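Here are my notes on this one, as numbered points. Have the model open while you go through them.

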Amino acid sequence: MSLSQRLAKLFGGEREDADVLRVYVRCRRCGEAISTRISLRNELSIRYDESGQVSGYHVRKVLIGSKRRCYQPIEVHLTFDAQKHLLEREIGGGEFITAEEYAAETG
Ligand SMILES: [Zn+2]
């Protein structure tokens, strides 16, 4: 999401989504599609640079599917810049999928 879109959301009334990032993943072992909400306001940890300035944020989250009795943990690690724009995402135990792929599977 671009900064202007974020600002539009912030000031345009869709406040509940402006601070929430939805993440969609697929379990590598059983193929279950899982989604989670990450609050950009409450769940991010601050990263500082050497001079003590905020250089960005990061969050680590472990997702576990439940529908297929697989229980493999899927670890998601997201890195953000100081304006909370997503810079980098890593995943272990699964893969990232799009909202459309998630919706197609879960109805
Ligand atoms: Zn699984």
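1. In which sense do S5 and strand S6 (residues 86–92) pair, and over how many bridges? They pair in the antiparallel sense, over six bridges. Pairing here needs at least two DSSP bridges between the two strands; strands (E, at least two residues) and helices (H or I, at least four) are DSSP runs numbered from the N terminus.

2. Some ground rules before going on. This is a predicted model, where local features need pLDDT of at least 70 and side-chain atom pairs count only at pLDDT 80 or more, while totals for chains, interfaces and linings use all residues. Residues are numbered from 1 along each chain as its sequence is written, and side-chain values use heavy atoms, with hydrogens and water left out.

3. Now the sheet as a whole. It is open, with four strands in the order S3-S4-S5-S6 and antiparallel pairing. Strand S3 (45–48) and S6 are the edge strands, each with a single partner, so one side of each has no neighbour in the sheet. From one strand to the next the twist averages 20°, using axes fitted to C-alpha atoms (for helices, over the stretch in contact) and angles from 0 to 180 degrees between N-to-C directions.

4. Take a look at S5. Strand S4 (residues 54–64) runs antiparallel to S5 and is joined to it by nine bridges. Histidine 77 is the bridge partner in S5 of arginine 60, and histidine 77 also stands opposite glutamate 90 in S6. Seven of the nine residues of strand S5 (residues 73–81) are buried, so this strand is largely enclosed by the rest of the structure. Buried means under 20% relative accessible area, exposed over 50%, and partly exposed in between (1.4 Å probe, protein chains only).

5. Elsewhere, the charged end of arginine 89 sits over the ring of phenylalanine 96, at 4.1 Å from its centre. The criterion is NZ of Lys or CZ of Arg within 6 Å of the ring centre and within 35 degrees of the ring normal.

6. Lysine 61 is worth a click. This residue lies in strand S4 and is buried, with a relative accessible area of 19%. The side chain of lysine 61 has a polar contact with that of glutamate 43 at 2.9 Å, and a polar atom of the lysine 61 side chain is 3.0 Å from the backbone oxygen of arginine 37. A polar contact is a pair of N or O atoms within 3.5 Å; within protein, one must be able to donate a hydrogen and the other to accept it, and residues adjacent in sequence count only if both atoms are side-chain atoms.

7. On to the zinc ion. Its protein donors are Cys27 (SG), Cys30 (SG) and Cys70 (SG), at 2.2 to 2.3 Å, with the spacing C-x2-C-x39-C along the chain. Donors are N, O and S atoms within 2.8 Å of the metal (3.2 Å for Na, K and Ca); water is not among the atoms, so sites may look incomplete. Cysteine 27 counts as buried at 4% relative accessibility, whereas cysteine 30, at 24%, counts as partly exposed.

8. Finally, the aromatics. A search of the whole structure finds one aromatic pair. The ring centres of tyrosine 24 and tyrosine 102 are 5.1 Å apart and the planes are at 45°, so the pair is tilted. Rings of Phe, Tyr and Trp (its six-membered ring) pair if their centres lie within 6.5 Å; planes under 30 degrees apart count as stacked, over 60 as edge-to-face and the rest as tilted. Tyrosine 24 lies in strand S1 (residues 20–27) and tyrosine 102 in helix H3 (residues 99–106), so the pair ties together parts 78 residues apart in sequence.
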